[in-house]
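Thanks for making the time this morning. I would like to walk you through one structure slowly, starting from a single residue and widening out from there.

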Amino acid sequence: IFVSLLASVQTYGQCVQAFPYTENFDGSSWVVPPNNFQAGSIATCWSRQATTFNYRWVPGPINPPLASSGPTTDHTTGSGKFMYSVVSSGTFSTSTNLTTPFIDLSSAVAPEVSFWYHMFGASISNLRLQVSNGGSWVTIETISGQQQTSGTDSWDKETTSLAAYVG
């Protein structure tokens with residue numbers, strides 16, 4: 001997963017989420033597309049930015065499964081949804097962003113962000129976790145290169161402190 005964490009109040013109104021906030025991508029707002037060439041739908045208050053048409057975040061499972069990249073199932077139940085980024089051949093040196101709703105950390109004690117990720121594929125570069133205080137984005141964690149060797153390998157968990165962003 002590429003998750004950017006937005007940590008400031010801007011003009012999001014109903015999109016402000018209390019801490020702790022969790023998302024498993026299994027709700028009805030997360031619509032898996034019928035094939036890898038369509039985008040599907042994501043929940044209101046989340047956003048995704050594709051830098052090219054060919055590279056974006058998509059609700060999974062991947063349909064049809066890809067033999068050379070991606071997980072075959074979700075981390076939690078083996079039959080749930082997850083977010084994955086997919087790129088068409090010929091699209092290189094680009095990025096795509098998936099951004100959570102604003103999460104209010106003002107009263108949080110020792111806040112952290114945790115997520116499960118699966119990075120299988122020869123062309124994987126970096127997964128960056130970023131946070132914003134309403135200004136520029138700051139990278140707080142980077143995971144580089146292929147981490148799994150097959151689509152059936154177990155997912156890894158990342159946990160990163162957000163204590164510096166309280167207040």
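Trp46 counts as buried, because its relative accessibility is 10%, where buried means under 20% relative accessible area, exposed means over 50%, and partly exposed is what falls in between, using a 1.4 Å probe and protein chains only. Before I go further, please keep in mind that this is a predicted model, in which local features need pLDDT of at least 70 and side-chain atom pairs count only at pLDDT 80 or more, while totals for chains, interfaces and linings use all residues. Residues are numbered from 1 along each chain as its sequence is written, and side-chain values use heavy atoms, with hydrogens and water left out.

Which ring forms an aromatic pair with Trp46 at 5.3 Å centre to centre? That ring belongs to Trp30, and with 80° between the planes the pair is edge-to-face. For this term, rings of Phe, Tyr and Trp, the last by its six-membered ring, pair if their centres lie within 6.5 Å, and planes under 30 degrees apart count as stacked, over 60 as edge-to-face and the rest as tilted. Both Trp30 and Trp46 lie in the loop between strand 2 and strand 3, so their pair ties together parts that are 16 residues apart in sequence. Trp30 is itself buried, with a relative accessible area of 2%.

The structure holds 6 aromatic pairs. Another of these involves Phe25 and Trp46, whose ring centres are 5.6 Å apart and whose planes meet at 70°, so this pair is also edge-to-face. Phe25 is buried as well, at a relative accessible area of 7%. Taken together, ring pairs link Phe25, Trp30 and Trp46 into a cluster.

Let me turn to Ser29, which lies in the loop between strand 2 (17-18) and strand 3 (47-50). Ser29 is partly exposed, with a relative accessible area of 38%. Leaving aside residues up to four places away in sequence, Ser29 touches Ser41, Ile42 and Ala43, a contact being heavy atoms within 4.5 Å.

Finally, the wider picture. The protein has 0 helices and 11 strands, taken as DSSP runs numbered from the N terminus, with helices being H or I of at least four residues and strands being E of at least two. Of the 167 residues in the protein, 38% are buried. Among contacts between residues at least 6 apart in sequence, 70% join residues at least 24 apart.
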